[in-house]
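Please examine the sequence and the three-dimensional structure shown below. The report that accompanies them is meant to be read with the structure in view.

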Amino acid sequence: MKFGVGQPFRRVEDIRFITGQGHYTDDYRFEGEAYAALARSSVAHGVLKGVDAEAARAMPGVLAVFTAEDLARDGIGTMPVTIVLDHAEGGRMPLPPRPLLATGKVRYLGEPLAFVVAESAQAAIEAAEVVEIVVDELPAVVVPDAAFAPGAPQLYEDAPGNLALHWSIGDLEAADAALAASERVISLALVNNRIVVSSLEPRNAIGLHDAETGDFTLVTGSQGSHMLRAWFFEAVFGLPPEKLRVITPDVGGGFGMKAVPYPEQALVLYAARALGRPVRWQSSRAEAFLSDTQGRDNRSLARLGVDREGRFTALTVETQASCGGALSAFGVYCPTLAGPPMAPGVYRIPVVATDVRIAYTNNAPMDAYRGAGRPEATYLIERLVDHAARELGLAPDDLRARNMIGAGEMPFTTATGLVYDSGDFESVMRAGMAAADWSGFGLRKAATGDGLMRGIGMAYYVERTGVPGKEGAVVEIGADGKVVLHVGTQSTGQGHETTYVQMLAEKLGVEPQHIQVRTGDTTQPMPSAGGTVASRTMVHGGGALKLAAEAAISEACAHAARMLDAPPEHLAFEDGLFRLAGTNRHLSLLDVAAHAGGISGTGDFEQLAGTFPNGVHVCEVAVEVETGRIHIERFTVVDDFGRVLNPLILAGQVHGGIAQGIGQAMTEHLVYDEETGQLLSGSFMDYGLPRADDLPFFDVSTQNVPCTTNPLGIKGAGEAGAIGAPPALVNAVIDALAPLGVRTLDMPLTPARVWEAIRAASV
Ligand code: SMO
């Protein structure tokens with residue numbers, strides 16, 4: 001079998017990982033390292049009177065305890081905000097500064113107060129524990145409702161009413177009028193629960209500083225070293241980006257959470273310069289719960305107008321979201337630019353209005369989590385449409401089919417302004433129903449007699465990936481026959497070393513073992529580089545690879561033409577060989593590269609429009625009425641990813657996404673105490689990650705419609721599983737419990753919550 005595109009090759013990097021040869025940030029060792037730990041706020045909201053570090057400084061092995069005063073004295077800036085928007089009524093959203101270490105107030109549990117550096121990690125941790133916070137505690141608000149209530153405690157003076165941003169699409173009044181003129185209006189209120197990202201490898205950073213040159217180096221887990229550098233260094237240090245080299249080696253999971261910069265990454269650099277030693281920080285799991293950006297957390301009221309024929313007339317969505325106690329770099333992105341444009345999903349809805357109010361609340365900053373806004377949008381529309389079908393007495397597939405945008409209507413512009421380039425939603429839905437044996441469910445349900453209540457549910461997701469932007473790649477074909485591919489996207493476990501190699505091996509006609517993928521270093525020769533977010537690696541990075549490979553082939557062709565003493569246009573390149581037309585003369589690419597002393601090609605790719613992966617998730621559940629426990633009996637997915645590069649890696653991506661989606665829907669929930677802002681689910685003892693025995697076998701397949709906005713026809717696949725799974729699962733559980741009168745449920749569907757709903761419905 002040729003190692004080309006479309007083949008189910010096993011991941012070449014897995015040998016490295018499973019034999020312990022992975023090289024993560026923690027595997028770096030530098031001479032003279034010092035270790036850092038953070039003193040973090042033990043209260044969620046209060047006026048900060050002081051940070052007493054005297055006792056900590058006197059602890060054995062302590063080299064320094066840096067406080068906000070030190071940073072101020074040295075002119076250190078604040079954490080930048082990358083997405084800045086205007087309020088719906090005009091005027092820029094407030095941008096209260098987010099210092100690296102708290103000043104004036106503390107606004108969430110775990111907010112950094114002081115940076116302790118010591119000779120050992122243990123000494124640093126012990127000293128951090130004796131740093132004293134002097135604080136006048138204030139009442140906390142942890143949900144938007146409470147934050148917006150009259151008289152609520154204010155987090156920031158320049159964000160009156162705790163309003164971070166009020167933002168909208170469309171005209172709510174016009175949409176209300178369209179609703180009023182509709183035959184029926186179906187409403188649904190729901191909560192998208194706050195969750196923690198739980199990367200296998202917690203965050204980390206090692207800072208180095210060269211006193212002679214003034215150059216910094218940062219080794220850190222990220223989703224793209226170039227992107228990370230661009231997003232914080234200049235803002236915090238006031239120095240040009242070239243003064244920092246960022247190295248990101250192997251990374252154990254990012255999921256959006258590691259895309260954004262964090263105070264700790266700046267603090268290790270600051271401390272390295274101050275102390276003249278490399279400074280290492282490694283987050284504990286407990287710190288990850290407190291200080292990683294968290295995901296989702298919004299509440300919406302949606303209204304859907306339906307006419308006499310069951311066609312949608314209008315949709316309004318009013319949302320309250322939280323950005324936490326400080327704005328992360330993309331803190332307002334998910335509930336604005338990312339989610340709301342996707343509100344109509346795969347349906348033809350002529351009038352759509354969305355309105356979101358984002359609150360400052362006393363909990364950890366919010367940011368992207370696998371899907372970033374799109375899961376929230378899909379959850380809303382797919383719960384709403386399912387709910388509407390039940391209210392209208394229509395089959396869920398029937399109501400969907402009546403309203404789905406047809407394959408013949410592509411490209412389709414939604415009322416929210418997105419242009420779906422391609423897709424055949426109804427065919428994919430039917431394929432998913434066939435794969436799930438939807439029509440056989442009634443028999444399966446009747447046949448069991450085990451007393452469990454069974455239900456089946458579907459969700460049809462569409463998401464926008466490949467958000468317009470640039471990405472570069474460089475191909476170097478050495479005189480020694482070794483091929484190096486430089487890319488700026490970053491694997492955090494997705495298998496880039498395999499998929500990129502598959503693409504390049506096919507393009508160049510060289511053996512895959514000769515190709516090496518290099519990534520994660522800002523000193524790489526890249527024309528432009530972003531990173532891995534929004535399922536963009538194969539869309540953008542693949543596009544860049546194609547251009548770079550073609551540039552290398554073109555350079556080699558010119559050289560081969562000189563070697564063969566023929567015009568280049570008489571040469572044809574195929575399977576790694578340049579053949580001279582009309583003769584049997586040929587030269588291999590590698591021979592040409594050897595003769596030329598090396599060949600290289602650069603690709604600077606710009607994706608101009610979004611790509612829209614879509615598909616159907618079908619879930620079948622059995623619910624124990626006595627306990628509320630849910631058993632997932634079948635889970636079937638049919639996706640349209642445009643084009644498949646490696647079906648094995650693709651399945652892994654979808655499986656992992658489903659597991660995370662099911663986790664959010666069934667077990668995961670961050671709970672902050674409503675009065676004190678203390679985190680009540682701050683460890684895996686209280687926070688339920690899904691386990692293997694919570695999950696069924698997944699039946700995953702594709703039915704692809706090539707993407708027309710990407711030269712390779714690719715639609716991104718990294719986030720899809722996490723987007724489709726939650727509404728499919730909840731719809732299935734509602735279907736099971738509908739005979740008891742249960743009409744809606746909010747995630748997570750823990751046994752306690754399901755049992756309560758069953759009891760409440762039966763009285
Ligand atoms: S949630 Mo992603 O890294 O756009």
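## Model and domains

The structure is a predicted model. Its chain is divided into domain 1, domain 2 and domain 3. Domain 1 is made of three stretches of sequence, 25–138, 200–253 and 258–291. Domain 2 is made of residues 295–466 together with 610–762, while domain 3 covers residues 469–607.

## The interface of domain 1 and domain 3

The C-alpha centres of domain 1 and domain 3 are 39 Å apart. At their interface, 18 residues of domain 1 are in contact with 18 residues of domain 3. About 1200 Å² of area is buried between domain 1 and domain 3, and carbon and sulfur atoms give 51% of this area. On the side of domain 1, the residues that lose the most area to domain 3 are Gln223, His226 and Arg245, which together account for 45% of what that side buries.

Polar interactions also cross this interface. Between domain 1 and domain 3 there are 8 residue pairs in polar contact, with both residues at pLDDT 80 or more. Two elements each give two or more residues to the side of domain 1 that touches domain 3: helix 7 (225–237) and strand 11 (244–247). Sorted by class, that side of domain 1 has 7 nonpolar, 8 polar and 3 charged residues.

The interface of domain 1 and domain 3 contains 1 salt bridge. Arginine 245 also forms a salt bridge with aspartate 521, in which the closest N and O atoms are 2.6 Å apart.

Threonine 313 is found in strand 14, which spans residues 312–324. Is threonine 313 buried or exposed? Threonine 313 has a relative accessible area of 18%, so it is buried, the cut-off for this class being under 20%.

The side chain of threonine 313 makes a polar contact with the side chain of serine 182, at 2.6 Å. When neighbours within four places in sequence are left aside, the residues in contact with threonine 313 are Ala178, Ser182, Gly305, Val306, Asp307, Ile349, Pro350 and Val351.

A cis peptide bond joins methionine 410 and proline 411, with omega at about -5°. Proline 411 lies in the loop between helix 12 (396–403) and strand 16 (412–413).

Another cis peptide bond runs from methionine 747 to proline 748, where omega is near -5°. The loop that holds proline 748 lies between helix 19 (720–737) and helix 20 (751–762).

Where in the chain is asparagine 162 found? Asparagine 162 is in the loop between helix 5 (144–148) and strand 7 (163–169). Its phi is near 60°, a positive value in a residue other than glycine. Asparagine 162 has 0% relative accessibility and therefore counts as buried.

Serine 198 likewise has a phi near 60°, a positive value in a residue other than glycine. Serine 198 is placed in the loop between strand 8 (184–195) and strand 9 (204–209). With a relative accessible area of 15%, serine 198 is buried.

Note on methods:
Residues numbered from 1 in each chain as written. Predicted model: local features only at pLDDT ≥ 70, side-chain atom pairs only at ≥ 80, totals over all residues. Heavy atoms only, no water. Domains from an automatic or database assignment. Contact = heavy atoms within 4.5 Å. Buried area = accessible area lost by both parts, 1.4 Å probe. Salt bridge = Lys/Arg side-chain N within 4 Å of Asp/Glu carboxyl O. Polar contact = N/O pair within 3.5 Å; in protein donor to acceptor, adjacent residues only side chain to side chain. Helix = DSSP H or I, 4+ residues; strand = E, 2+ residues; numbered from the N terminus. Nonpolar A, V, L, I, M, F, W, Y, C, P; charged D, E, K, R; others polar. Buried < 20%, exposed > 50% of the residue type's maximum accessible area, 1.4 Å probe, protein only.
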